[in-house]
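Take a moment with the sequence and the fold before reading on. The paragraphs below walk through them step by step.

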Amino acid sequence: MQTNIDVKRLLCPMPVIRLGEMIDKIETGDTIEVLATDPGVLHDIPAWCKVHGHKVLEIEEKSDEIILLVEKIG
């Protein structure tokens, strides 16, 4: 199952905090699509995933937003 979270216009650390809150609510193997505008997520979310054992499956940069697909592992 895929869940979406919209963290557009939120600055660090809020996108990571919202991702952490949502990942606790989903099942292992499910994914979260993160819609963001803060370029800091390009570093912060992959780093957070590495520390917490989750996986960034995809990163797409558009002119006005960044889309990350994160899979819950374990």
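In which loop does Asp30 lie? Asp30 sits in the loop between helix 1 (14-23) and strand 2 (31-36). Helices (H or I, at least four residues) and strands (E, at least two) are DSSP runs, numbered from the N terminus. Two points on sources come next. This is a predicted model, where local features need pLDDT of at least 70, side-chain atom pairs count only at pLDDT 80 or more, and totals for chains, interfaces and linings use all residues. Residues are numbered from 1 along each chain as its sequence is written, and side-chain values use heavy atoms, with hydrogens and water left out.

Stay with Asp30. Asp30 is buried yet has no salt bridge. Buried means under 20% relative accessible area, exposed over 50%, and partly exposed in between (1.4 Å probe, protein chains only). A salt bridge is a side-chain nitrogen of Lys or Arg within 4 Å of a carboxyl oxygen of Asp or Glu. For Asp30, the nearest side chain of opposite charge is Lys72, 7.8 Å away. Lys and Arg count as positive, Asp and Glu as negative; His and the chain ends are not counted. Leaving aside neighbours within four places in sequence, Asp30 is in contact (heavy atoms within 4.5 Å) with Met1, Val70, Glu71 and Lys72.

Now step back to the whole chain. It has 2 helices and 4 strands. From the N terminus on, they run β-α-β-α-β-β. The radius of gyration is 11 Å, close to the 11 Å that the globule rule gives for 74 residues, so the chain is as compact as a globular protein of that length. That radius is taken over C-alpha atoms, and the rule is 2.2 Å times the number of residues to the power 0.38. Along the principal axes, the C-alpha atoms fill a box of roughly 30 × 20 × 15 Å. Of the 74 residues, 39% count as buried. Among contacts with a separation of 6 or more, residues 24 or more positions apart account for 62%.

Which salt bridges turn up? A search of the whole structure finds 2. Side chains of opposite charge can pair when their charged atoms come close. Glu65 forms a salt bridge with Lys8, with the closest N and O atoms 3.4 Å apart. This pair links distant parts of the chain, 57 residues apart. Glu65 is in the loop between strand 3 (55-61) and strand 4 (66-71), while Lys8 is in the loop between strand 1 and helix 1. Glu65 counts as buried because its relative accessibility is 15%. Lys8 is partly exposed, with a relative accessible area of 26%.

The side chains of Glu21 and Arg18 also meet in a salt bridge (3.7 Å, N to O). Both residues lie in helix 1, 3 residues apart, about one turn of the helix. Glu21 counts as partly exposed because its relative accessibility is 42%. Arg18, at 36%, also counts as partly exposed.

Most residues other than glycine have a negative phi, and most peptide bonds are trans. Arg9 is found in this loop. Arg9 has a positive phi of about 70 degrees although it is not a glycine. Arg9 counts as exposed because its relative accessibility is 70%. The peptide bond from Cys12 to Pro13 is cis, with omega near 10 degrees.
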